[in-house]
Amino acid sequence: MQLIGSVSVIAGAGVGVGPALAADKLRIAMVVKALGNGFFDACHDGGLEAAKELGNVDLIYTGPTKATAEEQIAVIDSLIAQKVDAIAISANDTNALVPVCKKAMGRGIKVISFDSGIAPEGRIMHLNPSNNALIGAKCVQMMAATLKGEGDVAILSATAQATNQNIWIEEMKKEWAKPDYAKMKLVATVYGDDVADKSYRETQGLIKAYPNLKGIIAPTSVGIVAAAKAVVDAGLVGKVYVTGLGLPSEMKGAVLAGATDTFAIWNPIDLGYTATMIAAQIAEGKATGAPGTTIHAGRMGDIKIGDDGSAAMSDPFTFDKSNIEKFAKIF
Ligand code: RAM
């Protein structure tokens, strides 16, 4: 498995040569669902900011080329061999990564998950970007506001095993069950695997299969852009609306074209920054990450870990024509 990022020089490799080796620095690996995803690139930026601020951290940014648990297991095995100090992972599967993460923890590596979680046995704590129920409800509310509560709607998700999207879809369904949405019907849920091409094709499939389709909710930054593009390309702007979770920088075209009325997201830079700060504090023994404790995460303040071993950051923020250009410059 190829590791991309600032992989540190292994201590002793160049005995007696060069400046103080990076070995006295903490090596923290940020393992993302897949490389080449703008959302994770922004998390990486936040991680680099935290590493710089802390001064004693080398950040290794890595992940597979495809968003699968199998490929992430290979990445983690390689990080275990490199004896990194901590791993912050956005998981492609809740349970499949538990054994390898347990193995890492057994070797003294501090493992946390962020964005998309691992089951509690496989990590010390999990950092949610926001409250899951709020994210799910928000997606349904945005769609209902655009469609005035009426019409056929489909969900275009990431991979079928993604912890975070699956939780958000469950939360969407809870909101959807309210009488306010009685005339808005969920007709299908499809998976674009966080791959632009596949998400585009799945959207085309939805448009074909459901001639009365009025909306698509894509709770994935890759899926939402691809779905909006498919709507624009099919000449369906004004007939089919796309909402969900996306990056303003990637969604500017969709909003200005009218394929998307509103969408939401949290700040991925802050998420990567906080995950790195937390991993560093735990690796240094300055925090345990145990339920009920608090970890100081630099400019993000104190992060409180709940009894379930997870913490949540800020509320999702909504974007539309009025603010997209401003935020598109940031992430
Ligand atoms: C994609 C990934 C990520 C998710 C965002 C919203 O980039 O699936 O895990 O948090 O979308």
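Let us start with Asn164, which lies in helix 5, spanning residues 163–176. Helices here are DSSP runs of H or I with at least four residues, strands are runs of E with at least two, and both are numbered from the N terminus. Before going further, note that this is a predicted model, in which local features need pLDDT of at least 70 and side-chain atom pairs count only at pLDDT 80 or more, while totals for chains, interfaces and linings use all residues. Residues are numbered from 1 along each chain as its sequence is written, and side-chain values use heavy atoms, with hydrogens and water left out.

Is Asn164 buried or exposed? Asn164 counts as buried because its relative accessibility is 4%; buried means under 20% relative accessible area, exposed means over 50%, and partly exposed is in between, using a 1.4 Å probe and protein chains only. Setting aside neighbours within four places in sequence, Asn164 is in contact with Lys33, Asp115 and Ser116, where contact means heavy atoms within 4.5 Å. With Lys33 there is also a polar contact between the two side chains, at 2.9 Å. A polar contact is a pair of N or O atoms within 3.5 Å; within protein, one must be able to donate a hydrogen and the other to accept it, and residues adjacent in sequence count only if both atoms are side-chain atoms.

## Around the ligand

Which residues are around the ligand? They are Lys33, Asn37, Phe39, Phe40, Asp115, Asn164, Gln165, Trp168, Asp194, Thr220, Ser221 and Ile265.

A polar side-chain atom of Asn164 is 2.9 Å from a ligand oxygen. For Asp194, an N or O atom of the side chain is 2.6 Å from an oxygen of the ligand, and for Ser221 a polar side-chain atom is 2.6 Å from one. Taken alone, the ligand exposes 290 Å², and the protein buries 100% of that. These areas come from the Shrake-Rupley method with a 1.4 Å probe; for residues, only the protein chains shown count as cover.

## Helix 7

Ser221 brings us to helix 7, which covers residues 221–233. Helix 7 has 13 residues and reaches 19 Å from its first C-alpha to its last, close to the 18 Å expected at 1.5 Å a residue; the expected span is 1.5 Å times one less than the number of residues. Thr220 caps the N-terminal end, with a side-chain oxygen 3.1 Å from the backbone nitrogen of Val222. After the helix comes Gly235, whose phi is positive, near 70°.

Several residues of helix 7 are buried, among them Ile224, Ala227, Ala228 and Val231. Val242 is found in strand 9, residues 241–244, and counts as buried because its relative accessibility is 1%.

Helix 7 also holds Asp233 and Lys229, 4 residues apart, about one turn of the helix. An α-helix has 3.6 residues a turn, so residues three or four places apart point the same way. The side chains of Asp233 and Lys229 meet in a salt bridge, 2.9 Å from N to O. A salt bridge is a side-chain nitrogen of Lys or Arg within 4 Å of a carboxyl oxygen of Asp or Glu. Asp233 is partly exposed at 44% relative accessibility, and Lys229 is partly exposed at 46%.

Glu49 is partly exposed at 29% relative accessibility, and Arg299 is partly exposed at 42%.

Another salt bridge pairs Lys286 with Glu284, at 3.3 Å from N to O. Here Lys286 counts as exposed, at 61% relative accessibility, whereas Glu284 is partly exposed at 33%. Salt bridges that share partners also join Glu49, Asp270 and Arg299 into one network.

Definitions and conventions:
A residue is near a molecule or strand if one of its heavy atoms lies within 4 Å of it.
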